[in-house]
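Try each task before you read its solution.

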Amino acid sequence: MHRDKLNRFNPDVESVRTLALALEGRRKLVNLPTDLTNRLKSNLKGCYPQALELTGANLHEPLSTAFLAKWPTFQDLIKARPQSVRSFYYAHNSRGESVIKRRLEIIHASTALTHDQPVLQVGSMMTRTLVGQLKVLQKNILKHDQLIAQTFQALPEAKIFSSFPGAGAALAPRLLAAFGSDRSRYKDAPQIQKYSGIAPVIERSGKKIWVHFRWACPKFMRQSFHEFAGQSILFCNWAKAYYVNARYRGKDPPSAVRALAFKWQRILWRCWQDRVPYDNDKYVN
């Protein structure tokens, strides 16, 4: 019905497409450990609850997986010398003396939850299986990180998006992937504001106006702008003031961050079009 309003899709250069796919692939891999850590936590509660205190809050972190791979049961752990445990924490960059001392006290004061061999045998086997899967994910996430960093640094737009406060190594590549290298793709800022889902939808019927959240959009792109805006509050004074003012006017936190992202997108688009890094003093003036 409206073919005249459709724009031809021109794929971006290979390096930008590689960056975009690697970023989305990494996010999918990062989401996978949630299910595995929930299973691991449930398994440990039934045979080795001390591990939940001795490995930290995140069971998918390298320290936790290495700890459980080395001592998959409490019976294995109590055989280790205190100095060996201390050396393990030091080797994995956990060097707070108070934390290490408290963990050693937990090991010394604890007793095994059970001595039932079937429970211990199957429980330790399940622990090793889940830890092995988490380690594979860690390696592949690291490979994605390396590919993302290499691809991002090789692109001329890297300097532009690295200049934004709060972007950093994690979000600058995502901003670049959202815009790409083809300056004709978004002819003005409202195009990317609508396409990314940051701009709301305004519907009118007679005297009624309904403003609501935009559902049809690339979710990962919208998340990228939302997360960047949230980080910018920590590094940019005017962004923090804008957010605080929005909250004062009654907006809830997600709406306030989304409004800030809407504002940032105009600035991002202008810098992208002009091929210049962001200058905070220039903007504030």
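**Exercise 1.** Does Asn 93 count as buried or exposed, and at what relative accessibility?

Solution. First, some ground rules. This is a predicted model, where local features need pLDDT of at least 70, side-chain atom pairs count only at pLDDT 80 or more, and totals for chains, interfaces and linings use all residues. Residues are numbered from 1 along each chain as its sequence is written, and side-chain values use heavy atoms, leaving out hydrogens and water.

Step 1: locate the residue. Asn 93 sits in the loop between H6 and H7. Helices here are DSSP runs (H or I, at least four residues), numbered from the N terminus.
Step 2: apply the cut-offs. Buried means under 20% relative accessible area, exposed over 50%, partly exposed in between (1.4 Å probe, protein chains only).
Step 3: decide. Asn 93 has 64% relative accessibility, so it counts as exposed.

**Exercise 2.** What is the phi of Asn 93?

Solution. Step 1: recall the rule. Most residues other than glycine have a negative phi.
Step 1: read the angle. Asn 93 has a positive phi of about 60°, although it is not a glycine.
Step 2: find another case. Arg 275 also has a positive phi, near 60°. Arg 275 lies in the loop between helix H14 (253-274) and helix H15 (280-284). With a relative accessible area of 55%, Arg 275 is exposed.

**Exercise 3.** Which residues of H6 are buried?

Solution. Step 1: list them. Val 85, Phe 88 and Tyr 89 are buried in H6.
Step 1: check their directions. They span an arc of only 95° around the axis (taken from the directions from the helix axis to the C-beta atoms). Therefore they lie on the same side of H6.

Note on methods. Helices (H or I, at least four residues) and strands (E, at least two) are DSSP runs, numbered from the N terminus.
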